[in-house]
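I opened this entry to keep track of what I looked up, one topic at a time. The structure goes in first and my notes follow.

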Amino acid sequence: MEAEDVLIMAFTKIFERIDQYKNEGSFEGWIRRVMVNESLSYLRKTKNMYLEMDIAAADREPDYSRAESDLEAADLLKMIGDLPTGYRVVFNLYAVDGFSHQEIAEQLGISENTSKSQLSRARALLQKRLVQADQRLEQKMS
């Protein structure tokens, strides 16, 4: 329901400010920027984006070739969705949306090093969860 609220607010902003689009760059890109900014604004107001977690070192490297065949896209999206808010936001902005650390830092009001740190921790936590998923699959198969 929160996502729907943010989507509606973003569309409202787009319709209210459509005159601000100057036909420079793609219209889709302009809409995307409004959507991302509205989402980030919501997160800043309502969520603790900088939750820190201790990450235990993985006892082995995940077998990514096997993970590709055994894990469905929905499983990976769930793992990303389960990340702490700050990790998830930076991971999505960097890995999915293609923003640089400088752009992420500007949008979130954090330093570039914080952005890099959040991404690194998100990746480490995802790797840990991939190892755990791989171990569960091995246990089921044996």
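**Salt bridges**

I started with Asp-82, which forms a salt bridge with Lys-78; their closest N and O atoms are 2.9 Å apart. I kept in mind that this is a predicted model. I looked up how open the two partners are. Asp-82 is partly exposed, with a relative accessible area of 41%.

How many salt bridges does a search of the whole structure find? It finds 3. I noted the general point that side chains of opposite charge can pair when their charged atoms come close.

Next I took Lys-13 and Glu-38, a salt bridge with its closest N and O atoms 2.8 Å apart. Lys-13 belongs to helix α1 and Glu-38 to helix α2, so this pair ties together parts that are 25 residues apart in sequence. Lys-13 is partly exposed at 29% relative accessibility.

Then I turned to Asp-97 and Arg-32, where the closest N and O atoms of the salt bridge are 3.5 Å apart. This pair links distant parts of the chain: Asp-97 sits in the loop between α5 (85–96) and α6 (101–108), Arg-32 sits in helix α2, and 65 residues separate them. I have both partners down as partly exposed, Asp-97 with a relative accessible area of 26% and Arg-32 with 36%.

**The chain as a whole**

I went back to the overall layout. The chain has 7 helices and 0 strands, so I could write its elements from the N terminus as α-α-α-α-α-α-α. Of its 142 residues, 32% count as buried. The chain exposes about 9,400 Å², and carbon and sulfur atoms supply 52% of that area. I also looked up contacts between residues at least 6 apart in sequence: 74% of them join residues at least 24 apart.

**Nonpolar cores**

Which residues have the most contacts inside the largest nonpolar core? They are Leu-83, Leu-93 and Leu-108, in a core of 22 residues. I checked which helices contribute: α2, α4 (73–81), α5, α6 and α7 (112–141) each supply at least two residues. The largest share, 6 residues, comes from α7. I found a second, separate core of 6 residues, with Ile-14, Tyr-21, Val-34 and Met-35 among them.

**Aromatic rings**

I counted 4 aromatic pairs in the structure. Tyr-21 and Phe-27 have ring centres 5.1 Å apart and planes at 70 degrees, so I wrote this pair down as edge-to-face. Tyr-21 is buried at 16% relative accessibility, whereas Phe-27 is partly exposed at 36%. Tyr-21 also pairs with Trp-30: the centres are 5.6 Å apart and the planes are at 50 degrees, so that pair is tilted. Ring pairs thus link Tyr-21, Phe-27 and Trp-30 into a cluster.

**His-101**

I picked His-101, which lies in helix α6. His-101 counts as buried at 12% relative accessibility. What is His-101 in contact with, leaving aside its neighbours within four places in sequence? I listed Tyr-94, Glu-112, Ser-115, Lys-116 and Leu-119.

**A surface patch**

I looked at the outside next. Leu-7, Phe-11 and Phe-15 make a nonpolar surface patch of about 320 Å². Of these I followed up Phe-15, which lies in helix α1 and counts as exposed at 62% relative accessibility.

**Asn-23**

My last stop was Asn-23, located in the loop between α1 (2–16) and α2 (27–46). The phi of Asn-23 is near 60 degrees, a positive value in a residue other than glycine. I marked this because most residues other than glycine have a negative phi. Asn-23 is exposed, with a relative accessible area of 65%.

Terms used
Residues numbered from 1 in each chain as written. Predicted model: local features only at pLDDT ≥ 70, side-chain atom pairs only at ≥ 80, totals over all residues. Heavy atoms only, no water. Helix = DSSP H or I, 4+ residues; strand = E, 2+ residues; numbered from the N terminus. Buried < 20%, exposed > 50% of the residue type's maximum accessible area, 1.4 Å probe, protein only. Patch = residues over 30% accessible without salt bridge, like charges linked within 9 Å, V, L, I, M, F, W, Y side chains within 5 Å. Areas by Shrake-Rupley, 256 points an atom, 1.4 Å probe, with all protein chains shown as cover. Salt bridge = Lys/Arg side-chain N within 4 Å of Asp/Glu carboxyl O. Contact = heavy atoms within 4.5 Å. Core = buried A, V, L, I, M, F, W, Y, C linked by side-chain atoms within 4.5 Å. Phe/Tyr/Trp six-rings, centres within 6.5 Å; stacked < 30°, edge-to-face > 60°.
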